[in-house]
Amino acid sequence: MSDNEPNRPHNSARRHFLGLAAATSARLAAMGMLASTIFPSSIALAKGKKWWKHDGKPGGNSGGHGQSGGSPMCFLRGTSIMTSTGEVCIEDLQIGDLVETVRGEAMAVKWIGRRVFKHSGPAWSNSVMPIRVARHALDERTPHRDLYLSPGHALFIDGFLIRAKELVNGISIAPGLPADRETIEYFHIVLDSHDVVLAEGAPAESFLLQTRNYEDFTNFGEFARLYPDDANTAMTPYAPIVSLSSGREHMKALLHLWTDVVYPRRASAYNAYERIAARAGKLIG
């Protein structure tokens, strides 16, 4: 027996560990390549880029904060917002009114933007038609009445902001309008910072002010007059804005393979979608 033989078990274990580490590194590298092919934005997040830019320009497509092409990001007329004195329809809110936030802190309304669309064709544009979040679609109590949001308006779910259109399941969350609406009138709330208010009891984002995106509203001149120093203000999003638009089927196939390593935010958002969709089946069952 050589002098080195007593160390053989240790050396064998070390070689096994190094081999396992190399194999794991190769697998993670392969998953990273796969992620960059199917979800290029995930790599940007992994490298530490600002998470609110992955969906386009700041405030681009992510929620209640303007969109390239001028798509509305707002609450439909008639939506009840929780204030310090109870629920108030959004069109009746005034600058200075205190609205409740999910943090338990009331914040003063800084401004309310509005925009009106009239029916001028056989059907409403998909970018304009509201998304109806049915009563109790999110859980046993939320929302407590049907909630109508513009497609890009985000709800705060499981610590993330997810756009209404990303949650559409065709049952409890689907495009729709209240009866007898010839026009679509949207309103949005600007606070001192991006936050989450309670709309029909559901957590929904306030307006994410970015450079001059208040100009998407019809009454933008009022904001410019009241707050001339805020024209180039860029708020920080309240929470990560997560998109599922890269394809739910791809997400489902890859969820257990790599998302928890490369893109845990999207995995969590997908799980929220699945949970709400499963609840929709029970609501009609």
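Good morning. Leaving aside neighbours within four places in sequence, isoleucine 81 is in contact with Phe75, Gly86, Glu87, Val88, Ile90, Leu93, Val99, Ile189, Leu198 and Ala199, where contact means heavy atoms within 4.5 Å.

Please note that this is a predicted model, in which local features need pLDDT of at least 70 and side-chain atom pairs count only at pLDDT 80 or more, while totals for chains, interfaces and linings use all residues. Residues are numbered from 1 along each chain as its sequence is written, and side-chain values use heavy atoms, with hydrogens and water left out.

I turn to the cores. A nonpolar core is a set of buried Ala, Val, Leu, Ile, Met, Phe, Trp, Tyr and Cys residues joined through side-chain atoms within 4.5 Å. Buried means under 20% relative accessible area, exposed means over 50%, and partly exposed lies in between, with a 1.4 Å probe and protein chains only. The largest nonpolar core has 36 residues, and those with the most contacts inside it are Phe75, Ile81, Val133, Leu138, Leu155, Ile157 and Ile173. At least two residues of this core come from each of β7, β8, β9, β10, β12 (183-190), β13 (196-199), β14 (202-205) and α5 (264-284). Helices (H or I, at least four residues) and strands (E, at least two) are DSSP runs, numbered from the N terminus. Which element gives the largest share of this core? That element is α5, with five residues. A second, separate core of 25 residues includes Ala154, Leu208, Leu209 and Met235. In soluble globular proteins, nonpolar side chains tend to be buried together.

Next, glutamate 200. Is this residue buried or exposed? Glutamate 200 is buried, because its relative accessible area is 4%. Its place is the loop between β13 and β14. Leaving aside neighbours within four places in sequence, its contacts include Gly78, Glu87, Pro143, Arg145 and Leu147. The C-alpha atoms of glutamate 200 and leucine 147 are separated by 6.2 Å, although the two residues are 53 residues apart along the chain.

Proline 143 leads us to the backbone. Threonine 142 and proline 143 are joined by a cis peptide bond, with omega about -15°. Proline 143 lies in the loop between β7 (131-133) and β8 (147-149). Histidine 136 is also placed in the loop between β7 and β8, and its phi is near 65°, a positive value in a residue other than glycine.

Finally, aspartate 158 has a positive phi, near 55°. This aspartate is found in the loop between β9 (154-157) and β10 (160-163). Aspartate 158 counts as partly exposed because its relative accessibility is 44%. Thank you.
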